[in-house]
Amino acid sequence: MPIGVMDSGVGGLTVVREITKLLPGEDVIYFGDSKRMPYGNRSEEEIVFLANKIIEFLEGKKVKAILLACNTVSSQIEKLAHNVPVFGIIEAGCMAAVESSDAKSIGLIATVATVKSGVYDRTLKQIDRRRSFVSNDSRKLPQVINDQLKHKYLLNKHIHECIDPILEKGDITELIMGCSHFPIIENEIAELYPGLKLINPANKQVQMLKDYLESNDLLNPTKAKNIEIYTTARINEFKESLDRLEIDNYDLEKISLLDEDEDIEK
């Protein structure tokens, strides 16, 4: 049985990359709803509706667990309908931050919906009440990463707009990349802010999945990895990110999630 991974676009491929490293024998089925990204600019009702549609699709593929690579979807995890275990990325991000250092204030960049929900703050307080986040959102950076990855000027402009306000508020030494798209440009962020320790929640999320699979005797014994990738928009966007993340041996297909997708130009 494969592992399901879902996201609003190409960003969740950063989670797939971590699966290939930590669980190299596992089959993966990935769904990226690029037609409707970024989810972070949508209402909670829309987010839950779309996420449940994708979960239904993945469960139809007989997955044994689903990783919610999308932070925005993870912020609504308690409202989702599912029959297999789902693993959010927000708890993983908070745990990774607490384990990485003793800093009292932690930077967080995320989508508008994730920051507005306050779910990172609530989750962190459950783990360690002494810590707090200094957060900022971005409406445009995930879209630039998804559609215009080669435009360095645009990337740098929106990276600065996202991170500079956080650094102006205090002595921040570590930063959670609270949108799955952000680790795709981890090198660009590190180049602009060499003093920041960048935290990718996907590392911890996949470790939590591995622990679950091991404890339930669900690891794939064949070691014959297959990766299926489905998107609702242009596949060229995915090819560029797959190359950058060095993910290979995959099948990539454009499909419909909703009836309205049938009219999308291939």
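The model is a predicted one. Its chain comprises 11 helices and 10 strands. The radius of gyration is 17 Å, close to the 18 Å that the globule rule gives for 266 residues, so the chain is as compact as a globular protein of that length. Along the principal axes, the C-alpha atoms occupy a box of roughly 45 × 45 × 35 Å. Of the 266 residues, 58% are buried. The accessible surface amounts to about 11900 Å², and carbon and sulfur atoms account for 46% of that area. When contacts between residues at least 6 apart in sequence are considered, 74% of them join residues at least 24 apart.

Six strands, in the order β4-β3-β1-β2-β9-β10, make up an open sheet with parallel pairing. Its edges are β4 (residues 86–87) and β10, each of which pairs on one side only. Within the sheet, β2 and β9 run parallel and are joined by five bridges.

Helix α11, in turn, lies across β2, β9 and β10, and runs at about 155° to β10.

Which residues of α11 are buried? In this helix, which spans residues 235–244, they are Glu-237, Phe-238, Ser-241 and Leu-242. Viewed down the axis of α11, these buried residues fall within an arc of 130°, and they therefore line one face of the helix. The spacing follows a general rule: an α-helix has 3.6 residues a turn, so residues three or four places apart point the same way. On the other side of α11, Asn-236 and Asp-243 are exposed.

The surroundings of the buried residues include both strands and helices. They pack against the strands β2 (28–32), β9 (227–231) and β10 (250–254), and also against the helices α1 (13–22) and α7 (141–147). After α11 comes Glu-246, which has a positive phi, near 60°.

Note on methods. Residues numbered from 1 in each chain as written. Predicted model: local features only at pLDDT ≥ 70, side-chain atom pairs only at ≥ 80, totals over all residues. Heavy atoms only, no water. Buried < 20%, exposed > 50% of the residue type's maximum accessible area, 1.4 Å probe, protein only. Helix = DSSP H or I, 4+ residues; strand = E, 2+ residues; numbered from the N terminus. Arc of directions from axis to C-beta. Contact = heavy atoms within 4.5 Å. Pairing = 2+ DSSP bridges. Axes fitted to C-alpha atoms, helices over the stretch in contact; angles between N-to-C directions. Rg over C-alpha atoms; globule rule 2.2 N^0.38 Å. Areas by Shrake-Rupley, 256 points an atom, 1.4 Å probe, with all protein chains shown as cover.
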